[in-house]
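This report covers salt bridges and a nonpolar surface patch.

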Amino acid sequence: MNRIALVKAAVTLLVVFHHTAITYGAIGGWFYVERPNDGSWSSWVLVFFCTLNQAWFMGLFFLLAGRFTPGSIERKGPGAFLRDRALRLGLPWLVFGAVLGPVTIAMAQTARGRAFGDTLLRLWQSGTFEPGPLWFAQALMLFSVVAVLARGRIVGAPARPLAFPSDHALLLAALAVGLTGFLLRLVWPVGSTFAFLQLGYFPAY
């Protein structure tokens, strides 16, 4: 296993731990919560764990995805690249949002004594679309379109390789990420969504 695959596997496992922590006492949104945050020391340990994770791990996922994007665009061309993204990301997003998301909600509601079939039927009748963890696929689709435009294959600008940023540029980028995240969260606080996405986190992505 190469180093990038190892990092992906480790961070994926961390995602599982992250949502398990939410299930058992941390704060955050998830389909099923066994034990809400009750202010106990164990709950706050889990809150600290999730907060620390949230500061970097999803950004790392997007960094890894972006690492291979330019080469994929070059090999396939912009049209084929976007069609591939639509199939590999868009289709799972649609299936989960329309089918598996409501099914998962209905399953979680059985813990509250609500009938699975009745709940699921009500969700489908109301047109509930719940992408859940597939928000990541939705975001990658949007970033893929931006990547194609940035590579100049649609707007006509030549694609040029970028040098690794200097320390000064990295510092300015970190300050810009923090400031932009702060401003976005004035409009969309943590927990609120726009088009299924928590935009307050996106400056880090």
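The model is predicted: local features need pLDDT of at least 70 and side-chain atom pairs pLDDT 80 or more, while totals for chains, interfaces and linings use all residues. Residues are numbered from 1 along each chain as its sequence is written, and side-chain values use heavy atoms, leaving out hydrogens and water.

Arg-35 forms a salt bridge with Asp-38; the term requires a side-chain nitrogen of Lys or Arg within 4 Å of a carboxyl oxygen of Asp or Glu. The count by this rule is four. Three of these pairs are listed here.

| Pair | Closest N to O distance |
|---|---|
| Asp-38 and Arg-35 | 3.0 Å |
| Arg-88 and Asp-84 | 3.7 Å |

Asp-84 is buried at 18% relative accessible area, Lys-76 is partly exposed at 34%, and Arg-88 is exposed at 52%. Through shared partners, salt bridges join Lys-76, Asp-84, Arg-85 and Arg-88 into one network.

Arg-88 and Asp-84 both lie in helix 4, four residues apart; helices are DSSP runs (H or I, at least four residues) numbered from the N terminus. Helix 4 (residues 78–109) also gives five residues to the nonpolar patch, the largest share. This patch covers about 540 Å² and includes Leu-91 and Trp-124; patch residues have over 30% relative accessible area and no salt bridge, with nonpolar side chains joined within 5 Å and like charges within 9 Å. Leu-91 is partly exposed at 45%.

Terms used: Areas by Shrake-Rupley, 256 points an atom, 1.4 Å probe, with all protein chains shown as cover. Helix = DSSP H or I, 4+ residues; strand = E, 2+ residues; numbered from the N terminus. Buried < 20%, exposed > 50% of the residue type's maximum accessible area, 1.4 Å probe, protein only.
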